[in-house]
Amino acid sequence: MSRKYIACMEDMDKRAPGERTVAALILFMDTGSPWDSQPFDPTSGGCGGSMRAMCIGLRFHGPKRRTELIRTAIDSARITHNHPVAILGAVASALFTALAIEKGTIGILTWGAELLHTAMPIALDCIGAWRIPPSGGVKWDEAWIYFQNAWESYLKMRRLPAALDGTSSMPLFPEPYGIPQRDEFYKAVSFSGWGGSSGHDSVIIAYDALLWCVYALEHHRPGVSTPERAWEELLLRGALHGGDSDTTGAIAGAWWGALYGFRGVPAQLYENMEYKNRLYYAGDLLFATSS
């Protein structure tokens, strides 16, 4: 993966890759250091890992592949972002894609509980001894707990099950929950007011947007009774806000695709998409090799 990341740098003109990703890859190119040599950095909890890990769920879905999925997601983030918040954001992105494929919309209420109680313990086992940096081990553990607390608080706020055996009939969203209210919430869950720019808030915001749209569509909320209208709402909530909206939009869009494919998505958004054939081929291959 590190070699592919480096190769991608040749096509990053005007694409605004993250500063942490660029710095890490330049270091690899200049020094030839191994892919897993990126040191722990308490400032590297950004969204670079979470925004590129969704496709891992295409390759490693199914309960029997859970450890492979989590280990791959960890490595995909660790190459550039050796920080618990970034790493766990990647785990969430990959896991939620897998859960969407496995269970469809039926299990969407328990995605957070799966993350906390299934994926995070496996992730800790996969990470093992290298999670403790030469110095700053306390900061590493604090960052791990920060991610966990952020998700526990979110689940409580939305009245979603925090345990795998928990029950919930309907997520609780505030009324009204328009643009001002959403932007206030997105800022509140972020590191520093830029909602979606970190490993934890990027997946929380994307999930929040998707959850609202899925329940609006499935329960025939007035004005959101078709996939087309639900997709429009997903863009408004997940991709058009005052924070790191391209990140949250990419994540939410990938999960929508895992649930619904192109249902509701206007054809002009993908018919002439850059690298369309290459992306179709990669997606089909990942899914085909998962069995």
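Trainee: Does Arg15 count as buried, partly exposed or exposed?

Mentor: Keep in mind that this is a predicted model. Burial is read from relative accessible area, where under 20% is buried and over 50% is exposed. Arg15 has 37% relative accessibility, so this residue counts as partly exposed.

Trainee: Which residue does the side chain of Arg15 meet in a salt bridge?

Mentor: A salt bridge is called when a side-chain nitrogen of Lys or Arg lies within 4 Å of a carboxyl oxygen of Asp or Glu. Here the partner of Arg15 is Asp11, with an N to O distance of 3.2 Å. Asp11 is partly exposed as well, its relative accessible area being 30%.

Trainee: How many salt bridges does the rule give?

Mentor: The count is eleven. One of them joins Arg20 and Asp41, at 2.5 Å from N to O. Arg20 belongs to helix α2 (residues 19–31), while Asp41 sits in the loop between α2 and α3 (56–59), so this pair ties together parts that are 21 residues apart in sequence.

Trainee: What is the relative accessibility on each side of that pair?

Mentor: For Arg20 the value is 25%, so Arg20 counts as partly exposed. Asp41 has 17% and therefore counts as buried.

Trainee: Which residues are linked in a network of salt bridges?

Mentor: Salt bridges can also be read as a group. Arg229, Glu232, Glu233 and Arg237 form such a network.

Trainee: Now to contacts. Which helix holds Phe147, and is this residue buried or exposed?

Mentor: Phe147 is part of helix α7, which covers residues 137–157. Its relative accessibility is 0%, so Phe147 counts as buried.

Trainee: What does Phe147 touch?

Mentor: A contact is read from heavy atoms within 4.5 Å. Leaving aside residues up to four places away in sequence, Phe147 touches Val85, Leu88, Gly89, Leu115, Met120, Gly199 and His200.

Notes. Residues are numbered from 1 along each chain as its sequence is written. This is a predicted model: local features need pLDDT of at least 70, side-chain atom pairs count only at pLDDT 80 or more; totals for chains, interfaces and linings use all residues. Side-chain values use heavy atoms; hydrogens and water are left out. Helices (H or I, at least four residues) and strands (E, at least two) are DSSP runs, numbered from the N terminus. Buried means under 20% relative accessible area, exposed over 50%, partly exposed in between (1.4 Å probe, protein chains only).
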